[in-house]
Amino acid sequence: TDALVAVGICTSVAGGEAEVAAQVAAVREISATVPILLGGSAANPDVAEWVGADGYGVDARHLVDLIGA
């Protein structure tokens, strides 16, 4: 995990927030410091906050920009 820069999770089905939150929790068990970024058609900043992600990107380019910030 030392070389891990970030983890991106894509969600495309509304109503799957509990499953995404479980994925975020699983990543946190492996690394408490790696940024977790959320994207996909069912994602938005509120969903990202609810599931415990560190950020939300509207598209892949935005997520890459967030990682570089």
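Where is the place of T11? T11 lies in the loop between β1 and α1. Helices (H or I, at least four residues) and strands (E, at least two) are DSSP runs, numbered from the N terminus. The model is predicted: local features need pLDDT of at least 70, side-chain atom pairs count only at pLDDT 80 or more, and totals for chains, interfaces and linings use all residues. Residues are numbered from 1 along each chain as its sequence is written, and side-chain values use heavy atoms, with hydrogens and water left out.

**Strand pairing** (at least two DSSP bridges between two strands)
- Strand β1 (residues 7-10) runs parallel to β2, joined by four bridges.
- In this pairing, G8 stands opposite L37 of β2.
- β2 also runs parallel to strand β3 (residues 55-56), with two bridges.
- Here L37 stands opposite G55 of β3.

**Crossovers** (right-handed: with the strands pointing away from the viewer, the path from the first strand over the helix to the second runs clockwise)
- A right-handed β-α-β unit is formed by β1, helix α1 (residues 17-30) and β2.
- β2, helix α2 (residues 45-51) and β3 form a right-handed β-α-β unit.

**Burial** (buried: under 20% relative accessible area; exposed: over 50%; partly exposed: in between; 1.4 Å probe, protein chains only)
- In a regular strand, side chains alternate between the two faces of the sheet.
- Strand β2 (residues 36-39) is covered on both faces.
- I36 and L38 are buried on one side, L37 and G39 on the other.

**Surroundings of T11**
- T11 is buried, at 9% relative accessible area.
- Neighbours within four places in sequence aside, T11 is in contact (heavy atoms within 4.5 Å) with V20, L38, G39, G40, S41, A42 and A43.
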